[in-house]
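Here is a short report for a reader new to this structure. Please look over the sequence and the 3D view before reading on.

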Amino acid sequence: MVDKLQKIWIDGEMVAWDDAQVHVLTHSLHYGIAAFEGIRAYKRANGKSYVFRLREHIDRLFDTCKMTLLKPEFSREQVSQACLDVLKANNMATGYIRPMIFLGEGAMGIYAPNNPVRTTVIAWNWGAYLGDEALKNGIRTKISSFARHHINVSLAKAKMSGQYTNSVLAKREAKFAGYDEAILLDPNGYVSEGSGENIFVVKKGVLYTPDLSSSILEGITRDTVMTLAREMGLEVRESRITRDQLWLADECFFTGTAAEITPVREVDNRPIGEGVVGPITKRLQDRFFDVVRGSDTSHPEWLTAL
Ligand code: PMP
């Protein structure tokens with residue numbers, strides 16, 4: 001459960017947590033056209049707090065608006081500032097930030113071109129998305145019976161609320177079956193991503209992840225990991241991955257703002273490699289945490305001070 005904080009930013013105002021309400025006729029609630037983001041702020045070793053890759057998240061938020069034909073009432077600068085303001089208003093040094101641009105009440109029916117476009121930024125405390133144990137020892141996963149959207153059925157590159165029904169169904173199926181997370185294949189049967197994470201495998205020292213023309217979200221953590229891996233001298237290839245390649249991988253891990261770098265130790269009851277966190281995964285995870293909240297200052301362009 002999200003612990004209640006003090007303030008939420010909505011349509012330019014900082015309001016009390018309990019006053020950030022919407023009407024049940026809110027269009028997005030019925031039809032799922034809403035652009036959103038998930039961003040993390042970390043307190044670093046120097047004692048100061050920074051939002052990680054804020055610009056890239058805000059750019060993706062506005063890209064989602066472009067694809068879904070939502071016209072935001074606020075600029076990128078205003079929404080970025082709201083992300084910082086909402087952390088300050090809640091005295092948060094670390095936390096998860098959720099901007100959302102959605103269609104408000106007015107007309108019902110699918111078209112509703114004149115409904116107000118509303119903007120909110122919420123922040124809450126969120127530890128390890130899949131748990132501390134998951135970060136340390138890895139998780140058990142299952143290939144979902146739900147396929148990821150075909151690229152022309154939905155908008156793979158949009159972080160749009162409606163298409164998360166696919167993720168929720170896959171996640172529930174996996175959890176009800178006793179696994180920690182789902183891995184979705186695309187409609188052609190190739191590995192796509194987790195319900196809220198991109199996926200990487202390691203084979204013979206090379207990193208593989210599905211390429212951007214596949215039905216995956218263009219994850220910002222995915223980009224962070226590819227950049228760090230190359231800096232560490234690792235080869236990274238973006239390519240199609242089959243289910244059996246996944247089962248036969250030496251290592252596997254998920255990436256995401258919420259999931260950070262979560263090792264995958266099992267897929268469909270097959271241990272990945274030795275069934276423990278792999279050495280390359282561990283090295284990348286250590287470097288990642290050093291960059292986001294440690295003392296590695298090699299990427300100042302990724303950090304926005306609070
Ligand atoms: N895929 C999906 C479906 C997601 O929801 C997320 C989380 N935003 C990701 C991948 C990872 O993206 P990012 O690293 O930008 O958080």
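## Helix α8

In α8, the buried residues are Ile-280, Thr-281, Leu-284, Gln-285, Arg-287, Phe-288, Phe-289, Val-291 and Val-292. Buried means under 20% relative accessible area, exposed over 50%, and partly exposed in between (1.4 Å probe, protein chains only). Helices (H or I, at least four residues) and strands (E, at least two) are DSSP runs, numbered from the N terminus.

This is a predicted model, in which local features need pLDDT of at least 70 and side-chain atom pairs count only at pLDDT 80 or more, while totals for chains, interfaces and linings use all residues. Residues are numbered from 1 along each chain as its sequence is written, and side-chain values use heavy atoms, with hydrogens and water left out.

## Around the ligand

The ligand is surrounded by 16 residues. The closest are Tyr-164, Glu-193, Ile-220, Thr-221 and Thr-257. A residue counts as near when one of its heavy atoms lies within 4 Å. By class, the shell has three nonpolar, eight polar and five charged residues. α6 (220-231) and β14 (251-256) each supply at least two residues of this shell.

The table lists polar contacts, meaning pairs of N or O atoms within 3.5 Å.

| Residue | Atom in the residue | Distance to a ligand oxygen atom |
|---|---|---|
| Tyr-164 | side-chain N or O | 2.5 Å |
| Ile-220 | backbone N or O | 2.7 Å |
| Thr-221 | polar side-chain atom | 2.6 Å |

Taken alone, the ligand exposes 380 Å², and the protein buries 96% of that. These areas come from the Shrake-Rupley method with a 1.4 Å probe.

## The largest nonpolar core

A nonpolar core is a set of buried Ala, Val, Leu, Ile, Met, Phe, Trp, Tyr and Cys residues joined through side-chain atoms within 4.5 Å. The largest one has 28 residues. Val-51, Ile-97 and Val-121 touch the most other members. Elements giving two or more residues to this core include β1 (7-10), α2 (54-68) and β7 (117-124). α3 gives the most, with six residues.

## Two buried strand residues

Thr-120 is found in strand β7. Its relative accessible area is 7%, so Thr-120 is buried. A polar atom of the Thr-120 side chain lies 2.8 Å from the backbone oxygen of Trp-9.

Ala-182 lies in strand β9 (residues 181-185). Ala-182 is buried because its relative accessible area is 0%.

Methods
Polar contact = N/O pair within 3.5 Å; in protein donor to acceptor, adjacent residues only side chain to side chain. Nonpolar A, V, L, I, M, F, W, Y, C, P; charged D, E, K, R; others polar.
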